[in-house]
Amino acid sequence: MILLSNTDLVIAASLVVLLALLSLRLQAGISGQLLIAALRTAVQLTLIGLVLKTLFANVHLGWVSLLALLMLLIAGREVMARQERRFAGLWGYSIGTVSMFLSSFTVTVFALVVILGDSPWYAPQYAIPLLGMLLGNTMSGIAIALDRLTQSAWQQRGVIEARLILGEQASDAIADLRRQAIRSGLIPIINAMAAAGIVSLPGMMTGQILAGAPPVEAVKYQILIMFLIAVGTGLGTLAAVVIGSRRLFDDRQRLCLDRLRAKS
Amino acid sequence: MENNQPLLQVRDLRRPMLGPLSFEVHAGECVCISGPSGTGKSQLLRAIADLDPHEGEVWLEGEPARSIKPHRWRNRVGLLPPESHWWLPTPGGHFADEVNLPAGELGLADDIMDTPVERLSSGEKQRLALLRLLANRPRVLLLDEPTANLDPANTARAEAMITRFRESTGAAVIWISHDPDQVARVGCRALRLADGRLTSVEGEAA
């Protein structure tokens, strides 16, 4: 494996600066955001690199759990921030976070214990990257699905109430929206699986190959990860949409849009 | 009806800026509610249909709403909102049985059930919404200006259909209307909602 020097990274960074200058000239109005995002990447990844280095040197379930919890809470905040209309109060944060916990954590622990079977099962070299990939994808799926659900409930409240008025149960009145929300949450991972290897070479596999792993072994890992991501995203999206669509109604099955808050 | 129990009883119903309101409607009876806009007439009907949270109680045939499952309640206490909504491509899909519908009695074309919803006029949609509601055979009809988009001929047809339904099934009707002539044509009892209070109109005939 070719080790990268700081100079190598500076060269890559100067390319980003060049892009920023170019877009500044074209008045695209995105240069500032681009540079800040690039800076965040450098700082955040350096920090997590140091954290992982320390974690690898001190393998302990407590530390691994603490980092995992931190990742979950930050992902939960991210899901909430991506909602145009989120649930008011604690619900806005907890629907996404609980769903991610139910799906990503369960799937990660299952994969670590049953499939990988390393000893100890929480070995951070496997646990943290696996959880990271699962959380990242589940987070997107849940955010898209919840956003779709609450937005369309807001826009189609007339239809939902018309169906309630005609004697439908709340779960039937919202069934179409629920289906669309689940679909929209799952389409990215379905597309990714369909295009994998043909259109795109997934990042993890590429990384392993760059690190010197035999391609076929890297491919096996990638297939495993894709399947885990699909299951994690699917379960998380289902959980979030089921909880969310129930929360849209009260105990008398009234549509409660006052439980949503528009993004300010 | 063999006993004198009201079909629908509203007791101390309250919404923000509305009530407390108490009144009764008997089987086969029609009550018209008029009053300035913005006084909560629609809110009142939505509360009776249990679409909005409210204080107080509504009873149907001696049973309180809270003891009846919400979807059954709304099936029996049918609201016709001012605007109709359609979620399938054609009106026909919204009816369990499209064959035996008296669409012609409302002046609707024979092929109306297969016409794409987006090609329907607001008047056609309003009449179809009435048909859709009556197909459920509710015990109580809550009508929120059911003829607002209709010309005089179709208004008369809709009024006749509602009256026929009321007389043949013994349903109770609460009808919001701004038109005093309409109230006189169909209303058995006229009430006025203003400043959150219901008053009888009978004493102050114009």
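How many residues of domain 1 of chain A are in contact with domain 2 of chain A? In this predicted model, 5 residues of domain 1 touch 9 residues of domain 2. The domain 1 side of this contact consists of 5 nonpolar residues, with no polar and no charged ones. The domain assignment places domain 1 of chain A at residues 1–57 and domain 2 at residues 60–262. Taken over C-alpha atoms, the centres of the two domains are separated by 28 Å.

Two helices of chain A were examined as a pair. Helix H9 spans residues 203–210 and helix H10 spans residues 215–247. The two pack at an angle of about 155°, and their axes are 9 Å apart. Angles over 145 degrees count as roughly antiparallel, so H9(A) and H10(A) are roughly antiparallel to each other. Their crossing is right-handed. From H9(A), the contact draws on A:Met204, A:Met205, A:Gln208 and A:Ile209. These meet A:Pro215, A:Ala218, A:Val219, A:Tyr221, A:Gln222 and A:Ile225 in H10(A). By class, 8 residues of this contact are nonpolar and 2 are polar; none is charged.

Chain B contains an open sheet of 6 strands. Their order is S6-S7-S8-S3-S9-S10, and the pairing is mixed. Strand S6 (77–80) and strand S10 (197–200) form the edges, each pairing on one side only. On average, neighbouring strands of the sheet are turned by 20° against each other, direction ignored. Strands of a sheet pair through backbone hydrogen bonds, in either a parallel or an antiparallel manner. Within this sheet, strand S3 (residues 30–34) and strand S8 (residues 172–176) of chain B run parallel. They are joined by 4 bridges.

Helix H1 (residues 41–48) lies across S3, S6, S7, S8 and S9 of chain B. In this group, strand S7 comprises residues 140–144 and strand S9 residues 189–194. H1(B) runs at about 155° to S7(B).

The two chains also meet. Chain B contributes 16 residues to the contact and chain A contributes 14 residues. On the chain B side, helix H2 (residues 70–76) supplies the largest share, 4 residues. The class composition of that side is 7 nonpolar, 4 polar and 5 charged residues.

Key:
Residues are numbered from 1 along each chain as its sequence is written. Chains are lettered from A and ligands numbered from 1 in the order in which they are written. This is a predicted model: local features need pLDDT of at least 70, side-chain atom pairs count only at pLDDT 80 or more; totals for chains, interfaces and linings use all residues. Two strands pair if DSSP finds at least two bridges between them. Axes are lines fitted to C-alpha atoms, for helices over the stretch in contact, and angles run from 0 to 180 degrees between N-to-C directions. Two residues are in contact if their C-beta atoms, placed from the backbone, lie within 7 Å. Ala, Val, Leu, Ile, Met, Phe, Trp, Tyr, Cys and Pro count as nonpolar, Asp, Glu, Lys and Arg as charged, and the others, Gly among them, as polar. Angles under 35 degrees count as roughly parallel, over 145 as roughly antiparallel, 65 to 115 as roughly perpendicular and the rest as oblique. A crossing is left-handed if the near helix is turned anticlockwise from the far one by less than a right angle, and right-handed if clockwise. Domain bounds come from an automatic or database domain assignment.
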